[in-house]
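Colleague: Hi! Could you walk me through this one?
Modeller: Happy to, here it is.

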Amino acid sequence: MHEKDLVCHTCYTLGAYRGPSLYLYTEVGDAIRNREHLEHVLAADEQTWIIPTDVHY
């Protein structure tokens, strides 16, 4: 991969992020940390989206 506009650096930075292993988020970016929060999100009258992502270098 050729370095253009710091793409390699950005991918490396995203892949190297260390934090809690949270894989579910609300539409505003809040992590869903427990079952009660998940049930609240699923019970809402709003449409639920699942968007797969994969960031690696």
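Colleague: What share of the contacts with a separation of 6 or more comes from residues 24 or more positions apart?
Modeller: That share is 27%, where contact means heavy atoms within 4.5 Å. Keep in mind that this is a predicted model, where local features need pLDDT of at least 70, side-chain atom pairs count only at pLDDT 80 or more, and totals for chains, interfaces and linings use all residues. Residues are numbered from 1 along each chain as its sequence is written, and side-chain values use heavy atoms, with hydrogens and water left out.

Colleague: Okay! How many helices and strands are there?
Modeller: The chain has two helices and zero strands. These are DSSP runs numbered from the N terminus: helices are H or I with at least four residues, strands are E with at least two.

Colleague: And how much of the chain is buried?
Modeller: Of the 57 residues, 7% are buried. Buried means under 20% relative accessible area, exposed over 50%, and partly exposed in between (1.4 Å probe, protein chains only).

Colleague: How many buried residues does α2 have?
Modeller: Zero among its nine residues, so α2 is hardly covered.

Colleague: Where does T26 lie, then?
Modeller: T26 is in the loop between α1 (7-15) and α2 (35-43).

Colleague: Is T26 buried or exposed?
Modeller: T26 counts as buried because its relative accessibility is 19%. Setting aside neighbours within four places in sequence, T26 is in contact with I32, H37 and V41.

Colleague: New topic: how many salt bridges are there?
Modeller: The count is one, a salt bridge being a side-chain nitrogen of Lys or Arg within 4 Å of a carboxyl oxygen of Asp or Glu. The side chains of E39 and R35 form it, at 3.3 Å from N to O.

Colleague: How far apart are E39 and R35 along helix α2?
Modeller: They are four residues apart, which means about one helical turn separates them. E39 is partly exposed at 44% relative accessible area, while R35 is exposed at 60%.
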